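Subject: Structure handover

Hello,

Here is the structure I said I would pass on. My notes on what was found in it follow below.

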Amino acid sequence: MLLIRHLSAGALALALVLTIAPDSVESAPNGRVVTGTVKLPPRAQRRPAPQRGQGFVPRAKNPLRPPDGLDPRRSMVVFLEGGPVDDMDKKPQSSRYSIVGENFDSEILPVIVGGKVEIKNMGRGTPRLYSKSNPDVMPVDPINPKGVRVTEAITKAHVPVDIRDKDSVHFLAHIVAFQHGYFSTLGHDGTFTIKGVPAGSWKVKLWYQDGWVTNIPDTSVTIAGKRDPKAIEVALPAKLAAPGEAQ
Amino acid sequence: MFLSKIWFFLITIVAGVAITIALIMPRPAERAAKVQEDDRVRTACLVTGVLLRDNARARIQLTSEFAQAVRQLKLSRTLFEASKDEIISGQANATGRKELTTLLESVSGTKPSLVWLLDRRGRVVARSNLDDTTYGDSVRGYYAVQDALDGYVRDDLWMMDDGLYRVAAAPVLTQSLEWAGAVVLGQAMDQEFALSLSENISANINFYVSGEAVAASEPIQIHKDVVAGSKELADLDEGQGCSSGTLLHVKAGGKRYAVVNAALPGEAGEQQAFYSVFIERAKPLDFMGMLKSAKKDDLGFDRFPWIKVIGVFIIMMVVGLGLTLREVDGPLKKLNKNAVALAQGEAERFDEMTHRAKYGSIARSVNIAIDKMHRDAKAAKKDLDQLLGPAPDGAVPRAAGAVDAGASALPPIGPGGSSGAAATPPPSEFKFGGAAAPPSGGLGLPSMEPTTPAPAMPGLAQAQKKKPVGTPPPPPEKTPPPVPVRPKTAGGIADIELQKPTDTHKIPDAIDADILGDDAPTVADDGAQPANYFEQVYGEFIALKKICGEPTENLSFERFAKKLRKNEDTLIAKHDCKSVKFQVYEKDGKAALKASPVK
């Protein structure tokens, strides 16, 4: 019994290895790789992390070290806009979204318009997923451990589809569709990688959970030749509003 | 009687008010008890909130200390290193579990139901006390875990698979104050906890999540009503349930409960978690219920105003008795005394002026009855006059002390009516006299003084000496008495007059003997005169009328005998005599009759 539990824990860890890496889609083979980092503003300029829910008493700061403040990168998608888009990169692809415990492996999942999402339950619970914004995207029935549920095609670009659990308040994720596949989620350190980007001039945009981040400096990347462009840095503005908050 | 009636009315009103108060009083008392119960259950609810907050603070404190202890050990470094790896290694889990077990042994008192050690990404490195063999899964989704990973210390309520948990989370830092992860401590909100709270608040408490009871201090089945009444919590501000929420009244097992609900905070609160505090309600009070609930001490002198109650009772009784004595017993006694005097002949009628109200009315009614009797007697005499014809004036003077049966000189009816002077009766009046007559004052009638002296009859004085009153009359003498000439009448019987002595009130028996003679028919045993006696009187009467030159054609024996019999019956009834003797004599030149009661 103990062996089985250890094996299951190992399988879960392997799944995490496969799913925690930043999301990007397979792009044109002749394209280049765009890498970069989304940097947070200095700690003093950050907004405090939003408090969601409250217990009997308000939360208190840790006395040993002040909190770092809001880190929105877990809910961000880097998107390249403006360059020539290969038709192959507009083709809808199936994406996998893994449940790794009390939430998905990332807080946001970018997909190409028309693509479907395969939701796999890698956790121990049996969530009953549903979408408040798009109720028809999936049936509301429990997903057993290791079970898979495939959503309907996400057909509207830039319209986030929320995914929730009927039995858990904190369970929340978003699926956002873009016109092509030149996008990537961010790692826990803010890094990203977009492969197969065709040559051209691309504007770097940031999608933050349910909308574009507008108050960032214009950042663009130009791809020419056979060499990958230099890693780019995108600095997040200070006082970036948390999802649902006014900026 | 007026004041007595007023008093009785007042007593009735007081009694009615007292009964009304006695019946109404339980309701205010019940309302007051209900208000107290409501206050009590709301207070218990508020105290529960305070206790839960205190408990949360204590739990946060414990978690912070626990995190500090993790920092002091190598465990914080284990968490820090695990955060760099893509997976949680078995080695990290084993180290974590070992250190965690050591830490838990140092915790005094109630051990946490769950302890989680998390790396910076929110993945479970080690669990203890609950599901402690699994690791690697992410629990970052929990709000408290996110806050702890962001550097905050906080508490929360989680609804997990096996129940409701009070949790607290705190960040774990390395010795060099780098973020290493977080620690989560949880305590089940189970029956044991509910019982502990219940003892502190002196009320029962239940916990609910998503409409289901998850913990209860007492197994009382009020859940359905409580859950139905919890809908309003969504519309109330946080923490307002105890003070502003509707107080529910539910029944279960034949008992009534006062229930108030209050929302629980945290993630469970967003899943409609709440707690309900309830107490058993006192039984509704009614009048009998209040009496039953009264204790012996309630009637003690120090609690019950016995002196005032007894004083009021005595005052009411004395006033009532006084008014009764003044308005009922006193006048009744006076009326009784007056009636006794009337019966004993000491008075002739009630003195209406001395009696008031109803008693005066009684006196007047009795006086009216007396007057009516007199009028009836007079009417009877008039009938006789019509039969016998009017008697000549002054034929037989009224004797002193004689009673005029048809007294027309009665006092006028009504209070204050003065008795007028007795009018002189006509000569044909039917008169009684002698010992057989009732006493003049027997009916309260005034004595009638004779207006003219009665004529002396031959042999009257001698007869009175010879015979006692009431003995049968002696046989009449052979020779008729001297008959004065009398003017003719229209015919019929001129007069029937009671024999009256001239100088005494005795009936002159000698006259009877003179008139009827020794061969007069004897009186039958039943007192009625034999028929031949009336024939004899009739013969004598016709003979005397003829002598007096009066017509006799219209006077038949039947009519004569009928009249005599009627008068005989009347006299016997009135004087309780054995029989009546009729005597024929000449009066003012006319034939006349005298009637003498025979004892």
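A:Glu107 forms a salt bridge with A:Arg74 (a side-chain nitrogen of Lys or Arg within 4 Å of a carboxyl oxygen of Asp or Glu), and their closest N and O atoms are 3.6 Å apart. A:Glu107 sits in the loop between strand 4 and strand 5 (108-112) of chain A and A:Arg74 in the loop between strand 2 and strand 3 of chain A, so the pair ties together parts that are 33 residues apart in sequence. Helices (H or I, at least four residues) and strands (E, at least two) are DSSP runs, numbered from the N terminus. A:Glu107 is buried, with a relative accessible area of 17%, while A:Arg74 is partly exposed at 27%. Here buried means under 20% relative accessible area, exposed over 50%, and partly exposed in between, with a 1.4 Å probe and protein chains only.

Please keep in mind that this is a predicted model: local features need pLDDT of at least 70, side-chain atom pairs count only at pLDDT 80 or more, and totals for chains, interfaces and linings use all residues. Residues are numbered from 1 along each chain as its sequence is written, chains are lettered from A and ligands numbered from 1 in the order in which they are written, and side-chain values use heavy atoms, with hydrogens and water left out.

Over all chains, the search finds 29 salt bridges. One of them joins the side chains of A:Asp68 and A:Arg43, at 3.2 Å from N to O. A:Asp68 is in the loop between strand 2 (60-61) and strand 3 (76-81) of chain A and A:Arg43 in the loop between strand 1 and strand 2 of chain A, so this pair ties together parts 25 residues apart in sequence. A:Asp68 is buried at 16% relative accessible area; A:Arg43 is partly exposed at 40%.

In chain B, B:Glu280 and B:Lys255 meet in a salt bridge of 4.0 Å, N to O. This pair links distant parts of the chain, with B:Glu280 in strand 10 (residues 274-280) and B:Lys255 in strand 9 (residues 255-263), 25 residues apart. Salt bridges that share partners also join A:Arg59, B:Asp147, B:Arg154 and B:Asp156 into one network.

Next, the strands of chain A. An open sheet of three strands has the order 4-6-8, with mixed pairing; two strands pair if DSSP finds at least two bridges between them. Strand 4 (95-99) and strand 8 (148-150) are the edge strands, each pairing on one side only. Strand 4 runs parallel to strand 6 (residues 117-121), joined by five bridges, and A:Arg96 has A:Glu118 as its bridge partner in strand 6. Elsewhere, strand 1 (residues 32-39) and strand 12 (residues 191-197) run antiparallel and are joined by five bridges. Strand 1 also pairs with strand 16 (residues 232-235) in the parallel sense, over four bridges.

B:Arg123 lies in the loop between strand 1 (114-119) and strand 2 (124-128) and is buried, with a relative accessible area of 2%. B:Ser202 is not a glycine but has a positive phi of about 55°; B:Ser202 is in the loop between helix 6 (191-201) and strand 6 (204-209). B:Asp576, also a residue other than glycine, has a positive phi near 50°. B:Asp576 is exposed, at 66% relative accessible area.

Regards
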